Amino acid sequence: MNDKNPKSSSGKFRKWFKRKHKKKQPDPYYLQDELSDGDDFMEDIYVSSLEIDPCTSTNELRIFVGTWNVAGRAPVGSLAVDLEEWLKPQDAVDIYVLGFQEIVPLKTRTVIGTEDPRKATNWNLLIGKALNESSGCPWLTPMLNPISSDSYHYVRNPGLEKRASFSAICDNTRMRGKPITQHRHHQQAVIGGSKYKLMASKKMVGVFISVWMKEELVTKYSVSNVKVSSVACGIMGYLGNKGSVSVSMSIERTSFCFIAAHLASGEKQGDEGRRNHQVSEIFKRTSFPRSAKDEHNLHPLTILGHDRIFWFGDLNYRLYNLEDNLARHLIQKKDWKALQEFDQLRREQEDGGVFQGWREGNIEFAPTYKYSSSNFNRYSGGVPSRSGEKQRTPAWCDRILWYGKGVKLLSYLRSEIKFSDHRPVSALFSTQIEVNKSSNPRIFSKDTIVPNIMPPEQIGTSGNYEEGKATLLSLIVKDTEASSIHTKKL
């Protein structure tokens, strides 16, 4: 690991940053956090987007983000009714982003064995049915033979002036060399006659993400650079029982990143350190590499390079320093504000936490975990304890966070679907996208923030975070330099 003095590295970066963006007048677009003491430049670095170009306008999109741990249960046909209730398909939603955990039982053979794409296909079929049939739209099989690619491909229909496009997203290690006829088949499936189109889908063991967009918006807007990434950080730090699957995509001039995660479980002291370390690993190891085909169509390389970022899933943060019987008493009283005083994730959103600077809506619903497997109407355990049930203090394990300007939360709630020991959670957002008025897009910088990241060797301690931050910062600098080089070539 780098043994250089952190302050020396900080000073070098400060000089590089100022030299890179030196202007005759103060530059309002690169600002140090006003709350920073000014001496530790690495604590909070904000790189704000350039002001809106006169050749652009802003349009509103509504995004539904949902997360649900289904406890290894198969997506049986009767679940379609529950899904429809949860998703509540309606015209107001432009994009559905759904994250699932444990879509397969987390057993040895599923964790270390070969990925089975049929599970993801079955979930996509069920989601497509819930979104489209309730709207009276014919539903076509989205991906019977998934195509593999790390990029989103434009296709132009000679009979239409607007752009149509199709996604070729799946496991990039599995489908290379497939015949072009499959691409044509998939292209027809996405453009064909459903209200919502499957844009991207990725599975890693039990973690699964599925992104859907209104067909009319696929043709209305330029949707580009759809890429996927997965980070396995479970057993031994590299198995996929825990980790994340992410989707990166750009709509016109605005980039989005969606991260569905399943973090380490446990409510013992120190378990939150393992979760924080996994968050750190996901930040550092998630990447969306550029290829030769992307030369004139740049996209962010890392999570923090995007304009709008949504992180959701079974994050597994618990209630700390709170006795089980008191927690259940506060739940019975529906005193959510008092209960949140003990919430670990809220602490991680404060100064020094791994989610510093990230936002979450007000929690005005009961903890979503853990419900009894024998009776999904009540929490597991309690006093007197029931035979064969795990004693777990109820907690808000299932969460949705976001980062970036131009995002407004409209609702944040849980559903009462009694399908697993978790309740699904959803959030509806209104967000702005920049739309080109001309056909000549320009390069623009991204909103980024460097959170405090704890290096692996310091889990469970309150030591120096500089090494982890420097690693993450190097990724952002790499992203910025690549964009700068491309701009010079233009």
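**Notebook: a buried aspartate, a helix face and salt bridges**

I began with Asp 294, which lies in the loop between helix H7 (271-285) and strand E12 (308-314). Helices (H or I, at least four residues) and strands (E, at least two) are DSSP runs, numbered from the N terminus. The model is predicted, so local features need pLDDT of at least 70 and side-chain atom pairs count only at pLDDT 80 or more, while totals for chains, interfaces and linings use all residues. Residues are numbered from 1 along each chain as its sequence is written, and side-chain values use heavy atoms, with hydrogens and water left out.

**Asp 294.** I then listed its contacts (heavy atoms within 4.5 Å). Leaving aside neighbours within four places in sequence, Asp 294 touches Asn 225, Lys 227, Pro 289 and His 299. Asn 225 is 69 residues away in sequence, yet its C-alpha is 8.2 Å from that of Asp 294.

**Helix H2.** In H2 (residues 79-87) I found Leu 79, Ala 80, Leu 83, Trp 86 and Leu 87 buried. These residues sit on the same side of H2, because they cover an arc of only 120° around the axis, taken from the directions from the helix axis to the C-beta atoms. An α-helix has 3.6 residues a turn, so residues three or four places apart point the same way. The cover over the buried residues of H2 includes strands E3 (56-69), E4 (95-101) and E15 (425-436) and helix H4 (117-132). After H2 comes Lys 88, with a positive phi near 45°.

**Salt bridges.** I noted 17 salt bridges in the structure, each a side-chain nitrogen of Lys or Arg within 4 Å of a carboxyl oxygen of Asp or Glu. Glu 115 and Lys 203 form one at 2.4 Å, N to O. This pair links distant parts of the chain, 88 residues apart: Glu 115 in the loop between helix H3 (108-112) and H4, Lys 203 in strand E7 (residues 196-204). Glu 115 is partly exposed at 26%, whereas Lys 203 is buried at 13%.

Arg 328 and Asp 324 also meet in a salt bridge, at 2.7 Å, N to O. They are separated by about one helical turn, because they stand four residues apart in helix H8 (residues 324-333). Arg 328 counts as buried at 19%, and Asp 324 is buried at 16%.

Last, I recorded a network of salt bridges linking Asp 343, Arg 346, Glu 360 and Arg 399.

Note on methods:
Buried means under 20% relative accessible area, exposed over 50%, partly exposed in between (1.4 Å probe, protein chains only).
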